[in-house]
Amino acid sequence: KISQLFNPGYTIPGSNGTPIIDNNGYATPEGWKAVIKISGMNRADFIKEYGYLISSEGIDKYGLTNPEKEIIQGKL
């Protein structure tokens, strides 16, 4: 169900059209934060499963801790 939200064209609920996924196929920082909140998943599990949707170029915009960034960047 969560993976459906990460399809292009979905917008953040109640956001008046803010996309969850950008034109390059990465989660927008706002979309990422919104989907974590509504997913009901453990944050670490969510990051392990959907971290590939984070743009490494803008990784600092997603509100991640350094260990979470390392998981996403495949350093652990």
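Lys61 is exposed here, with a relative accessible area of 57% (exposed means over 50%, buried under 20%, partly exposed in between, using a 1.4 Å probe and protein chains only). This is a predicted model, in which local features need pLDDT of at least 70 and side-chain atom pairs count only at pLDDT 80 or more, while totals for chains, interfaces and linings use all residues. Residues are numbered from 1 along each chain as its sequence is written, and side-chain values use heavy atoms, with hydrogens and water left out.

**Overall layout**

- The chain has 4 helices and 0 strands, in the order α-α-α-α along the sequence (DSSP runs numbered from the N terminus: H or I of at least four residues for helices, E of at least two for strands).
- Along the principal axes, the C-alpha trace spans about 35 × 25 × 15 Å.
- Of the 76 residues in the chain, 39% are buried.
- The accessible surface is about 4900 Å², and carbon and sulfur atoms account for 46% of that surface (Shrake-Rupley method, 1.4 Å probe).
- If you take the contacts between residues at least 6 apart in sequence, 36% of them join residues at least 24 apart (contact means heavy atoms within 4.5 Å).

**The nonpolar core**

- The largest nonpolar core holds 20 residues, and Phe6, Trp32, Phe46 and Leu64 are the ones that touch the most other members (such a core is a set of buried Ala, Val, Leu, Ile, Met, Phe, Trp, Tyr and Cys residues joined through side-chain atoms within 4.5 Å).
- Two or more residues of this core come from each of α1 (2–5), α2 (29–39) and α3 (43–50), and α2 gives the most, with 4 residues.
- Beyond its neighbours within four places in sequence, Trp32 is in contact with Phe6, Ala27, Phe46, Ile47, Tyr50, Gly51, Ile54, Tyr62 and Leu64.

**Helix α3**

- Phe46, Ile47 and Tyr50 are buried in α3.
- These residues are on the same side of α3, because they cover an arc of only 95 degrees around the axis (the arc is that of the directions from the helix axis to the C-beta atoms).
- The buried residues of α3 pack against α1, α2 and α4.
- At the start of α3, a side-chain oxygen of Asn42 comes to within 2.8 Å of the backbone nitrogen of Ala44.

**Ser39 in α2**

- Ser39 belongs to helix α2 and counts as buried, at 16% relative accessibility.
- A polar atom of the Ser39 side chain lies 2.9 Å from the backbone oxygen of Ile36.
- Not counting residues up to four places away in sequence, Ser39 touches Ile2 and Phe46.

- Lys61 sits in the loop between α3 and α4 (66–72).
- Setting aside its neighbours within four places in sequence, Lys61 is in contact with Pro29 and Lys33.
- Lys61 and Lys1 are 60 residues apart in sequence and 25 Å apart in space, C-alpha to C-alpha.
- Asn16 lies in the loop between α1 and α2 and counts as exposed, at 82% relative accessibility.
- If you check backbone torsions, note that Asn16 has a positive phi of about 60 degrees although it is not a glycine.

Technical notes:
A polar contact is a pair of N or O atoms within 3.5 Å; within protein, one must be able to donate a hydrogen and the other to accept it, and residues adjacent in sequence count only if both atoms are side-chain atoms.
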